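Trainee: I would like to learn how to read helix packing and a ligand shell from a model. Could we work through one example?

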Amino acid sequence: MQTAITRLLGIEHPIVQGGMQWVGRAELVAAVSNAGALGVLTALTQPGPEALRAEIARVREMTDRPFGVNLTFLPTLKPVPYTEYRDAIIESGVKIVETAGNNPSEHMPAFKAAGVRIIHKCTTPRHARKAQEIGVDIVSIDGFECAGHVGENDIPGLILIPATVEQVTIPVIASGGFGDARGLVAALALGAEGINMGTRFMCTQESPVHHAIKEAITRSSETDTRLILRSLRNTSRVWKNALSGEVVSLEKVGAGIDQIGPLVAGAKGRGVYENGDVEGGIWTVGMIQGLIQDIPNCRDLVGRIMDQAHSLISGRLSSLVA
Ligand SMILES: Cc1cc2nc3c(=O)[nH]c(=O)nc-3n(C[C@H](O)[C@H](O)[C@H](O)COP(=O)(O)O)c2cc1C
C-alpha cells in the first residue's frame, strides 16, 4: 500500500509510532521500523542530548530502516535544552523528526538545512495550517480520542481528519484512536495518508513498559481514561485511577499547580511504567485501549493491520460497490 507518507518517509507501510515519553526507546523504535512502519524515539525520555546520541546509535545497531525522533515542546518546571537536543538529532544524521506541543518554527531552519523531514503533530486544523505555513512536510492530526495532550478544542477524529485534509495541501497522518485495520481504512477514507499510533504500540512485546501495564490496557475499556489539567489549559488523557481522580477533584475546587504538581510529577508516572503499579502514578493512555485485547510483537501487529486492511478494502468495501 503506497501513499504519500510511505513515499516521503521511505517506509513500507503507512503507519507511524508516535513519540511516547518513557516508552519511545530504542528497542520499540527498532522493532516498529523493522516491521516496515516508522519507529520514533522520544528525545526527552533521554536525560540529555548526549544520552540521546547514544540512544540513536543503539537504534542503528538494531535496524537499518528509517526511524525518527520526537521533540516535544511543552511547559516544564525545569528549562529543557531544546537546541542541544535538536543538534544531537541533526548531527546523528536522523532524517525524520516529529515535533509536537508547540510551534517548532525556531528550529525549522536548522532542520531544513540538514534535509530533515518534519512531521508536526497538532490537535486543530488552525495549527495544521500554521505548520504548513512554516514549512513542515507532513501534519499529524491528533483527535480527542488520543492518549496524552488532546488540546483544548475536543474535536474527534471523524471531524478533525477531513477538516484538516480540506485545509492543508501537505500530507496528513491521522492520529488518536487507531489500533487496527478498521481504523487505518477509515483514516484513508477520511483523506489521510496513513495513521499514527501510540497506545497500540505501547501494548506490544517490545514496548519497554512493565507487563502489568500492558495487561491493564488489555483489560480496560474505552471509558477507562480521564482528562486532567484542563484547568491549566494543558489537558491530558490518562488512565482512570484514584490519583487521576484526585487531580480532577483538586481542579474542581480551584487548586493551582503548587498543589497539583506533586501528583502529576513526571518521575511518578515513569515509576508506573517501570514497576507496573497501575495505581502508583498518573500514566498516559488513549481510548483505543477499549479495542486492545492482546500483546503482539510489532511485526505481527503491523503485518496483521496491513493484511486485514487489504481484505477490508478488496472484500467488504469493494462488494458494497460491485
Ligand atoms: C505513554 C504515552 C506517552 C506519550 N508521550 C508523548 C510525548 O512525549 N510527545 C508526544 O508528542 N506525544 C506523546 N504521546 C502521544 C502519542 O505520540 C500519540 O500522538 C497518541 O498516543 C495517539 O493516540 P493513541 O494513543 O490513541 O494512538 C504519548 C502517548 C502515550 C500513550
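This is a predicted model: local features need pLDDT of at least 70, side-chain atom pairs count only at pLDDT 80 or more; totals for chains, interfaces and linings use all residues.

Trainee: Which residues of H8 and H14 make the contact?

Mentor: H8 contributes Ala-181, Arg-182, Leu-184 and Val-185, while H14 contributes Ile-305, Gln-308, Ala-309, Leu-312 and Ile-313. Sorted by class, this contact has seven nonpolar residues, one polar and one charged.

Trainee: At what angle do the axes of H8 and H14 cross?

Mentor: The angle is roughly 55°, and the axes come within 8 Å. That angle makes H8 oblique to H14.

Trainee: How are H3 and H4 oriented to each other, roughly parallel or roughly antiparallel?

Mentor: Angles under 35 degrees count as roughly parallel. The axes of H3 (residues 49–62) and H4 (residues 82–91) cross at roughly 25° and come within 9 Å, so H3 and H4 are roughly parallel. Their crossing is right-handed. Pro-49, Leu-52 and Arg-53 of H3 meet Glu-84, Tyr-85 and Ala-88 of H4. Four residues of this contact are nonpolar, none is polar and two are charged.

Trainee: Now the ligand. Which residues around the ligand come nearest?

Mentor: Of 29 residues around the ligand, the nearest are Gly-18, Ala-100, Gly-198, Thr-199 and Gly-286. Strand S3 (67–72), strand S9 (194–197) and helix H9 (199–202) each give two or more residues to the shell. H9 has the largest share, with three residues.

Trainee: How many residues of the shell are nonpolar, polar and charged?

Mentor: Ten are nonpolar, 15 polar and four charged.

Notes:
Residues are numbered from 1 along each chain as its sequence is written. A residue is near a molecule or strand if its C-beta atom, placed from the backbone, lies within 6 Å of it. Helices (H or I, at least four residues) and strands (E, at least two) are DSSP runs, numbered from the N terminus. Ala, Val, Leu, Ile, Met, Phe, Trp, Tyr, Cys and Pro count as nonpolar, Asp, Glu, Lys and Arg as charged, and the others, Gly among them, as polar. Axes are lines fitted to C-alpha atoms, for helices over the stretch in contact, and angles run from 0 to 180 degrees between N-to-C directions. Angles under 35 degrees count as roughly parallel, over 145 as roughly antiparallel, 65 to 115 as roughly perpendicular and the rest as oblique. Two residues are in contact if their C-beta atoms, placed from the backbone, lie within 7 Å. A crossing is left-handed if the near helix is turned anticlockwise from the far one by less than a right angle, and right-handed if clockwise.
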